[in-house]
Amino acid sequence: MIGLPLCRWQLTDRDIGWFHLVGEKYIQSVTGYGAFPLMIPAFGDDLDMDTVLNSVSGIMFGGSLSNVHPSFYGDEHPGLGLADKPRDATVLRLMRACIDRGIPFLGICRGVQELNVLHGGTLHREVHNVDGRLDHREVKDVPDDVAYGPIHTVKLTEGGLLQRIIGASEMKVNSLHGQGIDRLGEGLQVEAVCEDGQIEAVSVKGAKAFAMGVQWHPEYRYWENAQYNALLGAFHEAARAYQAKKSERRKEAVAMA
Ligand SMILES: N[C@@H](CCC(=O)NCCCC(=O)O)C(=O)O
């Protein structure tokens, strides 16, 4: 079972409460690898962590139109665009727990930004307004497969985990984000950098399990892109290994009882 943390949005003006949701492409990139998605509500401090963490063999922190609220990286200026503090609070707890317990995880787009913030890093509020940076935002008024098509090149860190998974020194990726990593969080390893210098992928140094975030969207039609498929496949492989170890430990505990 792969956990998918949900966003908490208001979809109607009617007073019928909030909606907790995730894009279907994230669900498909779980079921497509033979796993089942566990939807994790954005309950923040009220989330029953033990139930979630005991159920999953990995967590995929997907993208969202909302931005991480700057108060989570020590900036008290108002946020830009859509906020989702319940998701921020939930995800930061979950990621911390994954790292502590050695549960494999993959952060995608907003997910890599959350990983950086968890490690004390900061975000550029608008990458396109940083000197020398490309515009990393979604190209509007084009078909979906163009908007989500590979648009710029990232260089993979020589000898890094991502480079070993992909088996190349660079790859072309899609780009649909306004924010991005500014100051790198402590304990993170840069895994990929865009041609304009923007950090595009990081992993947790010395992690007990797969612990990586990428700024692009490997879940978008991953079956048509061998490199996206390799990345998602590596995450799912780590989740299967984690699950096998967990089952083994349970069997041993039963045998000892
Ligand atoms: N809002 C942040 C994060 C961008 C992001 O995660 N986009 C996802 C778009 C929808 C999707 O395909 O899931 C930013 O702008 O940097």
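**Reading a sheet and its helices**

Trainee: Which residue just after H4 takes a positive phi?

Mentor: That is Gly120, with a phi of about 85 degrees. Helices (H or I, at least four residues) and strands (E, at least two) are DSSP runs, numbered from the N terminus. Residues are numbered from 1 along each chain as its sequence is written. Please keep in mind that this is a predicted model: local features need pLDDT of at least 70, side-chain atom pairs count only at pLDDT 80 or more, and totals for chains, interfaces and linings use all residues.

Trainee: How many residues of helix H4 are buried?

Mentor: A residue is buried if 20 or more other C-beta atoms, placed from the backbone, lie within 10 Å of its own, exposed if 12 or fewer, and partly exposed in between. Helix H4 (residues 110-118) is mostly covered, with 9 of its 9 residues buried. Among them are Arg110, Gln113 and Glu114.

Trainee: And the sheet: in what order do the strands come?

Mentor: Strands of a sheet pair through backbone hydrogen bonds, either parallel or antiparallel. Two strands count as paired here if DSSP finds at least two bridges between them. In this model, 9 strands make an open, mixed sheet ordered S4-S1-S5-S6-S13-S12-S11-S8-S9. Strand S4 (37-40) and strand S9 (170-173) are its edges, each pairing on one side only.

Trainee: Which way do S5 and S6 run?

Mentor: They run parallel, joined by 3 bridges, with Ile59 partnered by Phe105 in S6. On to S13: 4 bridges link it to S6, again in parallel, and Phe105 has Ala211 as its partner there. By contrast, S12 (residues 199-204) and S13 (residues 211-214) are antiparallel, with 3 bridges; Ala201 stands opposite Val214.

Trainee: Which residues of S6 are buried on each side?

Mentor: In a regular strand the side chains alternate between the two faces of the sheet. In S6, Phe105 and Gly107 are buried on one side, Leu106 and Ile108 on the other, so both faces are covered.

Trainee: Which residues come nearest to the ligand?

Mentor: A residue is near a molecule if its C-beta atom, placed from the backbone, lies within 6 Å of it. There are 14 residues around the ligand, and those coming nearest are Gly63, Cys109, Arg110, His177 and Gln179. For classes, Ala, Val, Leu, Ile, Met, Phe, Trp, Tyr, Cys and Pro count as nonpolar, Asp, Glu, Lys and Arg as charged, and the others, Gly among them, as polar. By that scheme the shell holds 3 nonpolar, 10 polar and 1 charged residues.
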